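Reader: Could you walk me through this one, piece by piece?

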Amino acid sequence: MAREVEELDALLSLLTDAVGVVKSAYSAHARQPELEDAAGQPTQLGASEELHQARRNISSASRRTLLLMANSAFETAALRVAAGACVADHLLPHPSGLPITDLAAKCDMEADKLARVLRLLACKHVFREVAPGVFANTPLSTRLARKHGMWDLVNHITDECFKSSAYLYDALAAPVFKPPFAHAYKHDAGYWAYMAGVDKTMGARFGRAMLGVDMAEIGPLLSHFPWETPPPGTTVCDVGGGVGTVSLALANRFSQLKLVVQDTPNTLAQARLEWKETAPQVVSEGRVDFLPLDFLTQAPNVGCEYYYVRCCSARLRSDERSEAEQRQLKHVVHDWADEEAVRLLRNVRQSMGAHSRVLIHEFVIQPLFPPPTDPREGTTSSAPSPSLAPDSSALHAHHLDLTVLCLLGTKERTQGEFEHLARKAGLGFVRLWNLGE
Ligand SMILES: C[S@@+](CC[C@H](N)C(=O)[O-])C[C@H]1O[C@@H](n2cnc3c(N)ncnc32)[C@H](O)[C@@H]1O
């Protein structure tokens, strides 16, 4: 009993401290805290590691039951309905609410069924029932409007990721493993081939979804890595850069950088349109090039200085010494099994010069078991043990780990696994940049 009370006290003080950190951030930004965004939307409040940790502690304090976890599939399904039917957009002109009959008519759905879906979401602060059968947006649901990249991201997750995830058990239990995506979509050639050939709308949505994911994650990358240090003319090559989301943020913030976005021709066509619309000046100044590349068979553009892969950045240095170059790989290595990942990194290494760097920006899977205790220094972890579940900082990484397992049959990696890949590609580990994601 005494131990349980002690744990509750520890939990209380952990939460009090964490809430204090978040409150200070709100004060610094002259914003009133909102219940809906207390544990989310990190970009609006800045990106300090202390703030990230505080948010993680707050959200991990709300424990879940097995029943709630099993039923959370319906939250995903309900989000798909809301995003697919553009409910947030229909509610935007009606801040004090819209009767469900009018809303359902706009969505071309049955009023009673749509109301039931929205009520489930309202339990999670996504939409609000302001009077019987009258619904309005909340700060969270507003982010589901089409103008936000989050709309595409939520559609991507609640559509192909969710449908694939329903087949995870079948895929693992089958005598021969095929990614769950292949089971769900009855298509064996893979997710990339499906988007390039069968469903280009899904492909375009994926590109835009990457913009949505990145808005939340680019902040720490911009502020934690010393991008201001490289001299004018420094070239960053965004290998497998998609529509160039990170490059776009870098180009806008650091005017001395030159960007080279390399991806498949289809994706680059989309990238050119995106940049023309959102960064016309960078395009007209000639600070960005879009160069097609198959990174599994070709070396990227020669003559740059950095390479980048996503979430936590591990910097890898070429053993070779020649010209300075930068390449950037973001959210790319996790899409590939070891063999292809090594091939990709070897191709990058081929184009590297003496001072070239590879920045791999990915989640780094951390152990969930308690860290070893050093008798001289005490525990080495800052994890909020024992009161909080160990999901606090790891949940996002494990979500993404299962996302790539379901869509592609691949994995997120530990630091050791990244170092192993790097060694096989002839690269050396230099430094881990913790972006607190
Ligand atoms: C997960 S997305 C990441 C995009 C971007 N790095 C980001 O984080 O927004 C992976 C990218 O790899 C690209 N890709 C897949 N296979 C490729 C290949 N063989 N050569 C070049 N790019 C490829 C895809 O088109 C996609 O844009």
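This is a predicted model: local features need pLDDT of at least 70, side-chain atom pairs count only at pLDDT 80 or more; totals for chains, interfaces and linings use all residues.

Reader: How many helices and strands are in the protein chain?

Author: Helices (H or I, at least four residues) and strands (E, at least two) are DSSP runs, numbered from the N terminus. Counted that way, the protein chain has 18 helices and 13 strands.

Reader: What share of the residues in the protein chain is buried?

Author: Buried means that 20 or more other C-beta atoms, placed from the backbone, lie within 10 Å of a residue's own. Of the 437 residues in the protein chain, the buried ones make up 38%.

Reader: How far apart are the end C-alpha atoms of H16?

Author: Helix H16 covers residues 338-351, which is 14 residues. The expected span is 1.5 Å times one less than the number of residues. That gives 20 Å for H16, and the end C-alpha atoms agree, being apart by 20 Å.

Reader: H16 and H18 pack together, but what word describes how they stand to each other?

Author: H18 is residues 415-424, and its axis lies 8 Å from that of H16 at an angle of about 55°. Axes here are lines fitted to C-alpha atoms over the stretch in contact, with angles running from 0 to 180 degrees between N-to-C directions. Angles under 35 degrees count as roughly parallel, over 145 as roughly antiparallel, 65 to 115 as roughly perpendicular and the rest as oblique. The two helices H16 and H18 are therefore oblique.

Reader: Which residues of H18 make the contact with H16?

Author: Contact means C-beta atoms, placed from the backbone, within 7 Å. H16 brings Asp338, Ala341, Val342 and Leu345. Ala341, Val342 and Leu345 are among the buried residues of H16. On the H18 side, the contact is made by Leu421, Ala422 and Lys424.

Reader: Which helices do the buried residues of H17 pack against?

Author: The buried residues of H17 are Leu400, Val404, Leu405, Cys406 and Leu407. They pack against H8, H9, H10 and H11.

How values were computed. Residues are numbered from 1 along each chain as its sequence is written. A residue is buried if 20 or more other C-beta atoms lie within 10 Å of its own, exposed if 12 or fewer, and partly exposed in between; C-beta atoms are placed from the backbone. Two residues are in contact if their C-beta atoms, placed from the backbone, lie within 7 Å.
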